[in-house]
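Welcome, and thanks for taking a look at this one. Please open the model below and keep it at hand while you read the briefing.

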Amino acid sequence: MEQITLSQHDDQDSVFSDSESSVSGTVMGSSEDASFVRLLQGDVLHDLIKTRFIRGLGLLGPKTEVLSVHRNTCSGVVLQARLQSFQLHARAVAELREGNANVKYAWYGTRGEDDVNNIVSHGFAHVHGPQLLLSPDDVPLQIVRECVVGKDGVRHALLCRVILGRSELVDDDTEQCYPSSEKYDSGVDSFSAPSKYIIWSNRMNTHVLPAYVVSFRVPSFKGVEKSEEELSRPTSPWMPFPTLISALSKVLASRDIALISKFYRDKREKKISRHELIQRVRQIAGDKLLFAVIKSFREKVGLFLLNEETKVSTNKVKEWVSNDT
């Protein structure tokens, strides 16, 4: 029995298994799409997926109604072949990466039920450009925003198994369409707290396998961002950037600190912009770590923002985040 352990906010492992689960007879789509079988409420997988999905939406979670969870049983010759291909590539990547294929679960926002069926039948490459962007299983909020709303107000999100292998750091605005070298298999926007997994075009149909479909209704996003801003509004104004480097040096590798220090010098010498410095530090350290470091320095702050004097501003965090997303 193959099992994949998911990352957890609370550091407790949970498992989505490939073993059979109790299901109802309800099928998504036409009879040709009978691979999708609805999980009953009370089923372990149904409740686990629903709970993690709602939890990952933060303040939007209690306002979200999960209507159903369907499981892709990969029935039929073609879908069985896709499953076997995925497993074969996972083993191949594991051999290349010291036994670790780095298989994760990740979310993808669809354009509706037809899009779900087309992706399962034909893969992702026919509707995408050079990159496929997915969200880690514990942060589905971004893909929820990307899901197209149907006439009945229902959205559909795919929970996929993804072969990440060895990931490289990729800029948000990159036009990169393949790994920078043979050492890498995928991309991420942050090593410590990724919000995006990036799968290149030539691997979309081999390294990503749709596993579950979550159908849900969500109210308007209006007001949610404001509430989150009010909840995390910082009370402390500044943290000197050298102090931030010193704090990060206690938890990051020396090569990462050397890179951050170099970017800081480049900013002071006006070789890079403030925005570039912000992006570089975010990518190296990750927003969650930065949040924790600044919070410990001033007790209650948000993420971080570097001002023109290269200090970290914490009273405009949400304004900065919204401008950069």
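Two strands are taken to pair if DSSP finds at least two bridges between them. With that in hand, please note that this is a predicted model.

**Strand E12 and its partners**

- Strand E12 covers residues 208-217, and nine of its ten residues are buried, so the strand is largely enclosed by the rest of the structure.
- One partner of E12 is strand E5 (residues 65-72), and the two pair in the antiparallel sense over six bridges.
- Within that pairing you can look up Val-66, whose bridge partner in E12 is Phe-216.
- Another partner is strand E8 (residues 155-163), which runs antiparallel to E12 and is joined to it by eight bridges.
- Val-214 and Trp-107 are 107 residues apart in sequence, yet their C-alpha atoms are 9.8 Å apart in space.

**The largest cavity**

- How many cavities of 30 Å³ or more does the model hold? The count comes to two.
- Rolling a probe the size of a water molecule over the atoms is what shows where such empty space is left.
- The largest cavity has a volume of about 120 Å³.
- Its lining is made up of 14 residues, and those nearest the centre are Arg-82, Val-120, Val-208, Leu-209 and Pro-210.
- Strand E12 comes back here: E12, helix H2 (77-96) and helix H3 (113-122) each supply at least two residues of the lining of the largest cavity.
- By residue class, the lining of the largest cavity divides into nine nonpolar, four polar and one charged.

**The second largest pocket**

- The second largest pocket has a volume of about 440 Å³.
- Strand E9 (167-169) and helix H7 (254-268) each supply at least two residues of the lining of the second largest pocket.
- The residues lining the second largest pocket divide into seven nonpolar, four polar and four charged.

**Cysteines**

- A disulfide is a covalent bond between the sulfur atoms of two cysteines.
- With a cut-off of 2.5 Å between cysteine sulfur atoms, the count comes to zero disulfides.

**Gln-142**

- Gln-142 is found in helix H4 (residues 141-146).
- Is Gln-142 buried, exposed or partly exposed? With a relative accessible area of 37%, Gln-142 is partly exposed, because that value falls between the 20% and 50% cut-offs.
- Gln-142 and Leu-57 are 85 residues apart in sequence, while the distance in space, C-alpha to C-alpha, is 8.9 Å.

Methods:
Residues numbered from 1 in each chain as written. Predicted model: local features only at pLDDT ≥ 70, side-chain atom pairs only at ≥ 80, totals over all residues. Heavy atoms only, no water. Helix = DSSP H or I, 4+ residues; strand = E, 2+ residues; numbered from the N terminus. Buried < 20%, exposed > 50% of the residue type's maximum accessible area, 1.4 Å probe, protein only. 1 Å grid on protein atoms, 1.4 Å probe; cavity = no way out; pocket = protein on both sides within 12 Å on 5 of 7 lines; lining within 4 Å. Points joined across faces, edges and corners; volume = space filled by probe spheres on them. Nonpolar A, V, L, I, M, F, W, Y, C, P; charged D, E, K, R; others polar.
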